[in-house]
Amino acid sequence: MIAEYGLLALIMALVSAAALTVIPMWGAWRGSIAAMHSARPLALSLFVFCAISFAMLCVSFLNDDFSLVVVASNSNSMLPSFYKFSAVWGNHEGSMLLWTLVLASWTLAVAIFSSDLPVKLMARVLAVMGSISIGFISFSIFTSNPFARHLPNAPLDGQDLNPLLQDIGLIIHPPLLYMGYVGFSVAFAFAIAALLGGRLDAAWARWSRPWTNVAWGFLTLGIMLGSWWAYYELGWGGWWFWDPVENASFMPWLAGTALVHSLAVTEKRGVFKSWTVLLAIATFSLSLLGTFLVRSGVLTSVHAFASDPDRGLFILVFLLVVVGGSLVLFALRAPAVDSDIRYGWLSRETLLLFNNVIFLVATITVLFGTLFPLLMDALGQGKYSVGPPYFNAVFVPLMAVLVPVMGIGPFTRWKSDDPKRWNKILIQGAVACTLAAAILPWLGGDFNLWVSLSLLLAFWIGAGLIGDLRLKAEGRSTLWSVVTRQTPSYWGMVLAHLGFAMCIISVVVVTQWNVERDLRMAPGDVAELAGYRFEFHGSSGVQGPNYVADEGVVTVYRRDKRVAELRPQKRQYKASGQVMTEAAIDAGLWRDLYVAMGESIGSDGAWAMRLHYKPMVRWMWIGATLIGFGAFVTVFDRRYRKVKVSAPQEALAHA
Amino acid sequence: MRRLLLFVPLGLFAALAWFLFKGLSLDPKELPSALIGKQVPAFRATILDSQQPVDQSVFEGEPRLLNVWGTWCPTCVAEHPYLMRLAGQGVRIVGLNYKDTDSKAIAWLGRLGDPYEVVIRDPEGMIGLDLGVYGAPETYVIDAEGVVRYRHVGEVNDRTWNGALGEAYRALLP
């Protein structure tokens, strides 16, 4: 019965979403205050029913109800219970249910924190979010019902969760990623509501900004976790593959990065309005497109869900309605002529515009590379695949031109600036950066030009932030008084930019100085790698909760000092018979040592071993985490908590 | 005039949507094979288990499936029960044990059941190379004259068997 309650709750959620879409929208159109005020309770109802439905699916998984198709295909009685829980979203149907729950949570959050909004805007925003819920809940019910049963012959045990997904990283990666993807629906809803109301102004940007920042922060953390998981779980030590599914999450991130910056300009200066609205629509559309690509099977990918053309068609129609509809609205309602607010060639507006152009080009590049195989196939030009060389060739130069501007952005004034104001500080910074970039690479052994350049770029970002504080300190007694005066959104920016600098260093250092060897190791064999000595002591069988494994023991020495003992495993999962490589990693701030077992060779207990030395690889994830937290910090800005609406506007909104 | 500019995103999206729609009816996993319409490449090998010699004449007389598999391939495990079902329905399946070791393969068939009429050994992957195997599992539909009619990359299951793969096979039946 549990599953039937779950389905019933999902249907009730669909009804709530439909009511949430229709009633407040009608109210906003006809000026019915009561109808508009129904938005909040309806949002609550939507959330409650989604939560019940999700909870019922969780209970079914935890109780091993193998009469449910999803449970039977993705769980097993031997599976540890926390993986039973994460198995809920380790499959297409369950993850769609999680998606609807996350969307309902964002809708509820907007309902709770919208008390300062004009009621008409609140009603429209929630109605737009409700309409997106209609799409996703009906997708779930009609094409991917998670509560479908195997009747009358229910299997006695399940086929088990894909071992790749039996991991802590995969417990939290999808929820965070969805928080990001779906979170952009708020920015989208604000954009649509503003277009409908014809009021596209600084207030609109101020309201949607914190929501956008939070969603972008979640997406950043979600992508970071995905990359980290791929690194330690897939057993080949890579951290980004330019796989279509990765690109599906990366495109909204790139567009979202442009949006986060362009919202700043619209809020502070009231320019780029149409552009910002378009970016808000584009960012969420790319989230939807990502969903389409992952779940329709139009692209091959290492982590595509079981794909199904019917599902693809449903999402495509949904995509047409949502994106097509909003672009029509945009074309008809967006202000065609930007306000005549002027800004000079050297001004923060210009620099942020430059940021937007770069990120837009990056987005289109990734979009093109991802869809290229599909385009060629659709045009009958044959089968193609687009790999890392294409993406790297475009991405590296883009980032290289972005960073110089990123360095001076923080201290350049709005409207127009005079370089004379900061010439001296800039030159001092540049000299310091160049010296550091020339000297520091020697610490890693040989001088490497690419590493040196990456350090130059990264330090340049840091120098810009320090230069900004120095400029702010001019005419004040202490630096501390400047530091304490800055707002949370300023510190958020600082964190995010520093995190980005860390990512640049890490990506280049690990690419340039990574050392790896594939070799045969018999017990007692020794291998040297980047100054470390790896000693293999043989392997023995170990028993896990739902797998058996061969566990190798490798001790690592550096200059005869014991550094680490690593125990990589080769696991065979009982239920599915799948074999998994469990890499052993000695993690450190400056380097990771990574050992993975390949195949067993011969009868003397020898294994094919893969040894990696990965310098500074952690910086990438630490940097990305800083970026994510930076985005969260900005929300604590005082100006977002007290939204002042001037009296006449308020009256107008209630009219 | 400026208003027209605002329609540009809509136009771009329409073009994109058209491609996505076309994409739905294409299968990215469907790799064309140069062998379609040609004889199975000649080979000389031995049969797993009995070690008897075998060559391309094994495909003569009846339409058959040629299934490329290995014990190292997770999807092969997944499709195995379906192959058992097909074999039970009288579909003749020839196995190509691709880049595998005999002992593992024999143990595997002992444990999961043997749907194959005959399993050809290809430990070095040389026959696979001639066939243009991209990755296991792959399943070829071969007619009674030993001509390759269809190639399927990936799992054999209800959906693919009811789709192009099964149709190609059923078309050969009298």
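This is a predicted model: local features need pLDDT of at least 70, side-chain atom pairs count only at pLDDT 80 or more; totals for chains, interfaces and linings use all residues.
**Entry 1. Conventions**

I noted that local features need pLDDT of at least 70 and side-chain atom pairs count only at pLDDT 80 or more, while totals for chains, interfaces and linings use all residues. Residues are numbered from 1 along each chain as its sequence is written, and chains are lettered from A and ligands numbered from 1 in the order in which they are written.

**Entry 2. Chain B as a whole**

I looked up the secondary structure of chain B and found seven helices and seven strands. Helices here are DSSP runs of H or I with at least four residues, strands are runs of E with at least two, and both are numbered from the N terminus. From the N terminus on, I read the order of elements in chain B as α-α-β-β-β-α-β-α-β-α-β-β-α-α. The radius of gyration of chain B is 20 Å, well over the 16 Å that the globule rule gives for 174 residues, so chain B is more spread out than a compact globule. That radius is taken over C-alpha atoms, and the globule rule is 2.2 Å times the number of residues to the power 0.38. Along the principal axes, the C-alpha atoms of chain B fill a box of roughly 80 × 35 × 30 Å.

I then looked up burial, and 34% of the 174 residues of chain B count as buried. A residue is buried if 20 or more other C-beta atoms lie within 10 Å of its own, exposed if 12 or fewer, and partly exposed in between, with C-beta atoms placed from the backbone.

**Entry 3. The sheet of chain B**

I traced an open sheet of five strands in chain B, in the order β5-β4-β3-β6-β7, with mixed pairing. Two strands pair if DSSP finds at least two bridges between them. β5 (118-122) and β7 (148-153) of chain B stand at the edges with a single partner strand each, so one side of each is left without a neighbour in the sheet. From one strand to the next, the twist averages 20 degrees.

β6 (residues 138-142) of chain B pairs with β7(B) in the antiparallel sense over five bridges. Ile142(B) stands opposite Val148(B), and Tyr140(B) has Arg151(B) in β7(B) as its bridge partner. The hairpin of β6(B) and β7(B) has five residues between the strands, and Gly146(B) in the turn has a positive phi of about 80 degrees. I found β7(B) mostly covered, with five of its six residues buried.

**Entry 4. Glu60(B)**

I located Glu60(B) in the loop between β2 (53-55) and β3 (64-69) of chain B. Glu60(B) counts as partly exposed because it has 13 C-beta neighbours inside 10 Å. Leaving aside residues up to four places away in sequence, Glu60(B) touches Ala144(B), Glu145(B) and Gly146(B). Residues are in contact if their C-beta atoms, placed from the backbone, lie within 7 Å. Glu60(B) and Ile142(B) are 82 residues apart in sequence, and 9.1 Å apart in space from C-alpha to C-alpha.

**Entry 5. Where the chains meet**

I looked up the contact between the chains, which takes 20 residues from chain B and 32 residues from chain A. On the side of chain B that touches chain A, the elements giving two or more residues are α1 (2-5), α2 (8-24) and α3 (74-88) of chain B. α2(B) gives the most, with 10 residues. By class, this side of chain B has 15 nonpolar, one polar and four charged residues. Ala, Val, Leu, Ile, Met, Phe, Trp, Tyr, Cys and Pro count as nonpolar, Asp, Glu, Lys and Arg as charged, and the others, Gly among them, as polar.

I then examined one helix pair. Helix α13 (residues 348-378) of chain A and α2(B) pack at an angle of about 75 degrees, with their axes 9 Å apart. That makes α13(A) roughly perpendicular to α2(B), a term for angles of 65 to 115 degrees. Axes are lines fitted to C-alpha atoms, for helices over the stretch in contact, and angles run from 0 to 180 degrees between N-to-C directions. Leu371(A), Leu374(A), Leu375(A) and Ala378(A) of α13(A) meet Phe19(B), Lys22(B) and Gly23(B) of α2(B).

**Entry 6. Positive phi in chain A**

Lys415(A), in the loop between α14 (388-408) and α15 (423-439) of chain A, has a positive phi near 75 degrees. Asp560(A), in the loop between β4 and β5 of chain A, has a positive phi of about 65 degrees.

Definitions and conventions: Two residues are in contact if their C-beta atoms, placed from the backbone, lie within 7 Å. Angles under 35 degrees count as roughly parallel, over 145 as roughly antiparallel, 65 to 115 as roughly perpendicular and the rest as oblique.
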